[in-house]
Amino acid sequence: MRPKELREMPVAELQAKLQELRERLVALRLKKRVGGLESPALLRATRRDIARVLTILKERQEKK
C-alpha cells in the first residue's frame with residue numbers, strides 16, 4: 001500500500017488493516033516453512049506494509 005492511501009484512512013480502519021497484515025504475515029511464514037511460498041518477496045512487502053501502518057498510527061498518536 002502507498003503511504004498516501006494509508007494516511008487518508010481513519011484510525012479504526014488502519015488498526016483493522018494492521019490486524020489483517022499481521023495475519024497475512026503469519027500465513028506467509030507458515031507457507032514458507034511448508035515449502036509452498038510462491039514468492040519470498042511477499043514476506044518482505046508484507047513486513048514493510050506493517051511498518052508503514054505502524055508509523056502512521058504512531059504519527060497520529062503523537063499529534064494528540
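Mentor: Let us begin with Leu57, which lies in helix α3, and keep in mind as we go that this is a predicted model.

Trainee: Is Leu57 buried or exposed?

Mentor: A residue is called buried when its relative accessible area is under 20%. Leu57 has a relative accessibility of 15%, and therefore it counts as buried.

Trainee: Which residues does Leu57 touch, if I set aside those up to four places away in sequence?

Mentor: With those set aside, Leu57 touches Val11, Leu14, Gln15 and Leu18.

Trainee: Which residues have the most contacts inside the largest nonpolar core?

Mentor: The general idea is that in soluble globular proteins nonpolar side chains tend to be buried together. In this model the largest nonpolar core has 13 residues, and those with the most contacts inside it are Leu6, Leu14, Leu18, Leu43, Ile50, Val53 and Leu57. The elements that give two or more residues to this core are α2 and α3.

Trainee: How many helices and strands does the chain have?

Mentor: The secondary structure comes to three helices and zero strands, and from the N terminus on the elements run α-α-α. The C-alpha trace spans about 45 × 15 × 15 Å along its principal axes, and of the 64 residues in the chain, buried ones make up 25%.

Trainee: How many residues does helix α2 have, and what span does it reach?

Mentor: Helix α2 covers residues 11-34, which is 24 residues, and it reaches 35 Å from its first C-alpha to its last, close to the 34 Å expected at 1.5 Å a residue. Its buried residues are Leu14, Lys17, Leu18, Leu21, Leu25 and Leu28, and what covers them includes α1 (3-7) and α3 (41-63). After α2 comes Gly35, whose phi is positive, near 105 degrees.

Trainee: Lys17 stands out to me in that list, so which residue does its side chain meet in a salt bridge?

Mentor: The side chain of Lys17 meets that of Glu20 in a salt bridge, at 3.6 Å from N to O. An α-helix has 3.6 residues a turn, so residues three or four places apart point the same way. Because Lys17 and Glu20 are three residues apart in helix α2, they are separated by about one helical turn. Lys17 is buried, with a relative accessible area of 18%, whereas Glu20, at 44%, counts as partly exposed.

Trainee: How many salt bridges does a search of the whole structure find?

Mentor: The search finds three. In one of them, the side chains of Arg52 and Asp49 meet at 2.8 Å, N to O, and these two residues both lie in helix α3, three residues apart, about one turn of the helix. Arg52 is partly exposed, at 31%, while Asp49 counts as buried, at 12%. Another salt bridge joins the side chains of Glu59 and Arg7, at 3.3 Å from N to O. That pair links distant parts of the chain, with Glu59 in helix α3 and Arg7 in helix α1, 52 residues apart. Glu59 is partly exposed at 31% relative accessibility, and Arg7 is partly exposed at 42%.

Trainee: What lies 2.7 Å from a polar atom of the side chain of Thr46?

Mentor: It is the backbone oxygen of Leu42. Thr46 is found in helix α3 and is buried, with a relative accessible area of 1%. Leaving aside neighbours within four places in sequence, Thr46 is in contact with Leu21, Arg24, Leu25 and Leu28.

Trainee: Where in the chain is confidence lowest, and where is it highest?

Mentor: Confidence is given as pLDDT, and the chain averages 93, with 100% of the residues scoring at least 70. Confidence is lowest in α1, at a mean of 90, and highest in α2, at 96.

Conventions: Residues numbered from 1 in each chain as written. Predicted model: local features only at pLDDT ≥ 70, side-chain atom pairs only at ≥ 80, totals over all residues. Heavy atoms only, no water. Helix = DSSP H or I, 4+ residues; strand = E, 2+ residues; numbered from the N terminus. Expected span 1.5 Å × (residues − 1). Buried < 20%, exposed > 50% of the residue type's maximum accessible area, 1.4 Å probe, protein only. Contact = heavy atoms within 4.5 Å. Core = buried A, V, L, I, M, F, W, Y, C linked by side-chain atoms within 4.5 Å. pLDDT = per-residue confidence, 0-100. Salt bridge = Lys/Arg side-chain N within 4 Å of Asp/Glu carboxyl O. Polar contact = N/O pair within 3.5 Å; in protein donor to acceptor, adjacent residues only side chain to side chain.
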